[in-house]
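Welcome, and take a moment to look over the model below. The report that follows walks through a few places in it, one at a time.

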Amino acid sequence: MKKVTYRNQISRVFGFSLVVFLLFSGTVFGQDEAAGGDPVKGKALFNQNCAACHALNRKMTGPALANVESRLSEDEGLDREWIYAWVKNSSGVIKSGDAYANKVFGEYNQALMTPFPTLSNTDIDDILAYTAAPPPAPVVAETAVAEEVSGASSGISNELILGALVIIFGLLVMMLVLVQRTLKRIAVANGLDLEREKAEKGLPLWKAFAQNQFLVLVTVVLLLLSGAYFAYGWLMQVGIDQGYMPIQEIHYSHKIHAGDNKIDCKYCHSSARTSKHSGIPSLNVCMNCHKSIYEYKGNAEGPSKEDLANGYTNEFYTGEIKKLYKAVGWDEENQSYTGESKPVEWVRIHNLPDLVYFNHSQHVSVAGIECQTCHGPVEEMEIMYQYAPLTMGWCINCHRETNVKVEDNEYYAKIHEELSKKYGVEELTAAQMGGLECGKCHY
Amino acid sequence: MASNKKYWKSEAELNPNDSIVEALRQNEFVEEIPVDEFLGDKENLSSTSTNRRDFLKYVGFSTAAASLAACEGPVKKSIPYVVQPERIIPGVANYYATTIANGFDFASILVKTREGRPIKIENNTDAKVNGGANARVQGSVLSLYDSTRLQGPMKDGEPIEWDSLDADVKAKLNALKGTGKQIALLTQTYASPSTSKLIAEFSEMYGAVNHVVYDAISEDAALSAFEARYGERALADYDFGKADVIVSFGADFLGDWQGGGYGSGYSKGRVPKDGKMSKHVQFEANMSLTGANADKRVPLTPMQQKVALAKLYAKLNGSSVGGEIPEYAQQAIDGVVAEIEKNKGAAVVVTGLQDVNAQAVVLAINESLGSKAFDAKAPKYVRQGSVESLDALVADMKAGRVGALIMDGVNPMYTLPNAADFAEGLSKVDLSVTFTANWNETCESVPYAAAANHYLESWGDTQIKKGHYGLIQPTIKELFDTRQFQSALLAWMDSDKGYYDYIKETWNTEVLSGGDWNQALHDGVYVPVADTIDDSGETDVSVVDVSSAVNSLSKSVSGGGLELTLYSKVGMGDGQQAGNPWLQEFPDPISRVSWDNYVTVSKADAANLGLINEHAANGGLDGSYAKLTVNGVTLDGVPVLIQPGQAPGSIGLSFGYGRTVGMKEEMKTGVNAYPLYQGFNNVQSVTLEKSAGMHEFACIQLHNTLMGRGDIIKETTLEIFNTKDHAEWNEVPMVSLNHQEVEATSVDLWDSFDRSIGHHFNLSIDLNACTGCGACVVACSAENNVPVVGKEEVRRSRDMHWLRIDRYYSSEDTFEADNTKKEEFDGLSGEKGSLGGFGELEGPAANPQVAFQPVMCQHCNHAPCETVCPVAATSHGRQGQNQMAYNRCVGTRYCANNCPYKVRRFNWFLYNNNDEFDFHMNNDLGKMVINPDVTVRSRGVIEKCSMCIQKTQKTILDAKRDGRVIKDGEFQTACSMACDNGAMVFGDVNDKESKVAELKQSDRMYHLLEHIGTKPNVFYHVKVRNNNEA
């Protein structure tokens, strides 16, 4: 896993510098200076403000915007002023009875475009410059090469070292064999009788061992004990599913969402804040983003060898997004819901037995514990698995070690003061607060 | 005495030559062992390749495979919503205010839903009237998940579509226009403004519509008397909290009298405050819940009650009437009059006699007293049935004058005394439709059974009391293809409006008068601002000639035989929820019998008739069977229960049982009393004969008296309470320490744990406010997933209720006398010998005092159960709760044996997913009522009251999350929430400002079995009886 992150960082640096270089060259070599506007700034502004509803070459909540200015002026005879007015206050334009405005409004399910009064004309110019000539996407072949190089460099180093070590060990073994032969030859040459020495050794070791009853007894006892130890260990892990990593209906990558894109856990698992369940997000939550994110292109430089080996290509991920669309009943063509939905049947990974009551909000909202404390490095998990053993001992341990977060909580004020005085401590652990009582979790 | 006896095996041995003797001598078994059947076929046996060793291998292998497979956890799926409703957060409960109005029970309630499933009913504290849910209302949520519910409309027993039902009905209704035949609507009481308006519109559209309201258990006499006097068909409302003197002639107002809902007001006046509490005198035949709570209970047969009522009226008016009543009753009347004279305005008289004269007299008395507790200006509408129009309808049906009969919320084929007439009439009706949630007796005689919604799936509105409106809102989408009656009416009127829109429209135009619809829906109740209520001075009071009514009352004489009083039970009511396992298992507060109804007979009458009650070898109660005959209608096989306090010469029998159609086998309990309900009169002259056989009761409490142990239920009289120090009437038990008598509370075997930090929960139970109504018992079952075990298991004393309400009878006339008798025992035998004396104390008196005591786990700080558990499955929490870790319990039951309060329950069987217990936990539908926050226990573990730790923990967590201090009243248990009588108060005693802390300081506070030093966290308040004689 570490290696992967490493690769990503490198590739990101590579990709970014490449993009900067290309953009820079783009501006340097100039394309549409006359229209004014900086496509680099424009891109940033576009991603920030427009990308939720617009794509360049694709109809989304709003129309595709590639070359929107030329299209408007050619097809509709609308100038840049119209665009300024529209962006800053589209509903005003519609109300003014503008023909094209009303047409677009009708075409896109009468969804009003968010007004952007904060965008200055220059900003809009920048955006238009970007839509007129978007900086060319980084050339895939080039980056692929670059990636290969970077991948190779890190791979080679390890493999080389390993190979060298193997060769060295081989040489050593060969040398030893050669030395022994030489010695033998010398011995023979000196007339020493090797055979006789052998005969003098007497009983074979195992026979001697078998004849020593004490040793046999000790060994048997040790064997039994270690057997019991392992049997106990095996029995104790029955029903503990640490590392449980089931295959899900949709390949959902926490690594991409929580790791690469840094989406807060509680954005999707929102009920963890208020409820005992963390909740599996309903599909409409997915669609908040995936209405506009219809394909995966996270790896600008293309998937790594490792991902490729697992089949995690961009197309693969895009296919998973399509699965989501199918489940939620989203018609990409018309950008509308068909109403034919089929809930996704996720395989539940963290299964606490019914006899224990666990409340997420207690831990997340009240105690302020990071999700990762129990769920592990989710942001690095391509496939989600059970990180913690979820045994009672594990719970209890944490309750013994963790201090209760009492700051700014009126509820704890009195009890904390009295209890800390009683126990003579500054900070109280959950256990001291009563967190080890059976009835706190079993009822 | 060396044995030279000869033991004879049989008569045949007398003849030494008998062949049988020889055969028996040779053979160990009389019959040939059927070895041949399984080993005889030699050929088959030898041809099989499986030998014994193989068999063992297979067994071993399959066992190993099974256990290995068990190591692998099952794959669990989690299926989130596609679009999650905004207000539903999995794991967080939502509450909705609604109203139950099923024709028998009317109450404003809150419904707790989890993930969209209603799971519990709670009281709506915003409601000013009928805001308390009784046991049936608490249990009604389970009826929603009844697996025997109709899942769609039926025609002649075959499923059909609503469309075709609509088409058939509409065609028929249209065809009836102008034929002169009437369209009859036979419905329950709705007390609903919108439904009344809708039915009026329906009548307008189809013409000749005859709407007959029918209450299974009629209050026709009270309605008619009220109508005659005040010109409106309604019931007077009473607030017993305002009364100092309550006189009742057979009115079970703590039960279902005139729609019920009077418990909380009554209890308010029963708690002694400033040295005063109300005095309650009850004249009645059956031992009712109300009679059991009375300060003075006078057993009288119904006819004697009428005479007594007439005498009371006469005496209050300074005249006198004839008629014979026993001497003690006359004295009681004199006493009552003296009490009333002291403060006329604070007295109230009520009667449950189904006699217009009696009801009219009572209205006249209350009016002339100017009773504060009596309210005729804003009457209640919870009963509207008219016997007269029902009889007319049946006559019309029989005469073929009814073209269509549409029924809703009624089951006349079960509840009508003249069901045979009705059936005959039905056969002459062209179209008959019945709306019902379950397949019932009426469905069998009617072609169209329209599957109706449960009230938790319906829209609706109510006007329980004049000017007090309520809304019914659905808390779940229809589970099946069902429809409520009002929606069907709208559909048949070709309206495109839904009933929701219809109600909203009605409310906006007629009810709200500027109020906010959303607010009303949120609150569930709506009371228009005072000035909008039509309060135009005095209501018209028609002059009704009461003197003739009094005269005819005084001439009441018994018809010769026994006088039967039909009544409704707290658990079963009119029987519409007879398929509800919680209610079936709910023990009757008085008799403590579950899963049955029975005829109650006084001890004297039982002795005369040769009827017996006895305990079987396993401890269960058995009773004789009897045959009841009323006017030629015979009911055979009615079990007999000898009821202390039953007026001699009277017997009682409850409605609601004996349902057979559409019921699970286990629920077909008891006998149907409706055929005896002739002329809708709950008092009948009856002959009783003993029949053969003994009935097996499932009675939860087998010992009925306190045996003079006054420390279990401490009680005193108001006079002593007011005048003496509490050390005298609430004596702390003494124990011997170092040969010194010291107070038991001061002695401790253990070092005490410091409980001053954090929360420390206590539950206070006021024995004065507790009426024994049992709402808490059902609420507890619902909250804590308490399993239903069935009649057989209850009989074996394996009931699982975490909370029981013990009912005790006094053995002498009063508990006080019991105590004295025990104190005065002297020696073993003789006049005051304890041997015979204790035997006498076991039997209850003919008219005993009654006391109720809710008992649940007492959460002892020094719990005897905790110290004996070998696996530490039960332990004590710092917050005062005795905790039970089910998964740790191995089922030794030491704890149950060591518990002095007998509150621990053992799971003898797996009660869920087990078809042997075919109640609700074995099917997916019934399991929807399970509270997801509480573990469903498995076989072989002990369980008991947890003091609703899931609720206290939730309250704490909510406060932590909000970062605030918990206010008093936030901590609640299921029982304390269900108790609208205010008998149970729960809270944190470390919060010195809390109500429970205050109650703990009260002079009346005591702990159960204080002398054993368990230091419980549940405490009781001494019961005070108002025995003052004027």
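Predicted model: local features only at pLDDT ≥ 70, side-chain atom pairs only at ≥ 80, totals over all residues.

## A parallel sheet in chain B

Chain B also holds an open sheet whose 4 strands follow the order β12-β11-β10-β13, and here the pairing is parallel. Its edge strands are β12 (296-299) and β13 (347-351) of chain B, each pairing on one side only. On average, and with direction ignored, neighbouring strands of this sheet are turned by 10° against each other.

For a closer look, follow strand β10 (residues 245-249) of chain B, which is joined to β13(B) by 5 bridges, the two strands running parallel. Within this pair, B:Val247 stands opposite B:Val349 of β13(B).

## Helices lying across that sheet

Which strands does helix α11 of chain B lie across? This helix, residues 302-316, lies across β10, β11 (279-284) and β13 of chain B, and runs at about 140° to β10(B).

Helix α13 (residues 356-369) of chain B lies across β10 and β13 of chain B. Its direction is at about 170° to β13(B).

## Domains of chain B

The domain assignment divides chain B into domain 1 (1-68), domain 2 (154-218 + 385-526), domain 3 (231-378), domain 4 (580-690) and domain 5 (715-1025).

Domain 2 and domain 4 of chain B have C-alpha centres 33 Å apart. Their contact takes 12 residues from domain 2 of chain B and 10 residues from domain 4 of chain B. On the domain 2 side, the elements that give two or more residues are α15 (412-415) and α17 (441-445) of chain B. By class, that side of domain 2 has 6 nonpolar, 4 polar and 2 charged residues.

## Two helices crossing in chain B

Now turn to helix α14 (residues 387-398) and helix α16 (residues 419-426) of chain B. Their axes come within 7 Å and cross at roughly 45°, which means that α14(B) is oblique to α16(B). The crossing of α14(B) past α16(B) is left-handed.

Which residues make the contact? From α14(B) come B:Val394, B:Met397 and B:Lys398, while α16(B) brings B:Asp421, B:Phe422, B:Glu424, B:Gly425 and B:Leu426. Sorted by class, this contact has 4 nonpolar, 1 polar and 3 charged residues.

## Two helices crossing in chain A

Chain A has a helix pair to visit as well: helix α14 (residues 283-290) and helix α16 (residues 314-328) of chain A. Their axes come within 11 Å and cross at roughly 130°, so α14(A) is oblique to α16(A). Here too, α14(A) passes α16(A) in a left-handed crossing.

In this contact, A:Leu283, A:Cys286, A:Met287 and A:His290 of α14(A) meet A:Ile321, A:Leu324, A:Ala327 and A:Val328 of α16(A). The residues divide into 7 nonpolar, 1 polar and no charged.

## Where the two chains meet

How many residues of each chain are in contact with the other? Chain B has 39 residues in contact with 45 residues of chain A. On the chain B side, β1 (77-78) and α33 (949-962) each supply at least two residues. The largest share of this side, 6 residues, comes from α33(B). Taken by class, the side of chain B that touches chain A has 18 nonpolar, 14 polar and 7 charged residues.

The chains are also linked by strand pairing: 2 bridges join strand β3 (residues 346-347) of chain A to β1(B), and these strands run antiparallel. To find the spot, look for A:Val347, which stands opposite B:Lys77 in β1(B).

Definitions and conventions. Residues numbered from 1 in each chain as written. Chains lettered and ligands numbered in written order. Axes fitted to C-alpha atoms, helices over the stretch in contact; angles between N-to-C directions. Parallel < 35°, antiparallel > 145°, perpendicular 65-115°, else oblique. Left-handed = near helix turned anticlockwise from the far one by under 90°. Contact = placed C-beta atoms within 7 Å. Nonpolar A, V, L, I, M, F, W, Y, C, P; charged D, E, K, R; others polar. Pairing = 2+ DSSP bridges. Domains from an automatic or database assignment.
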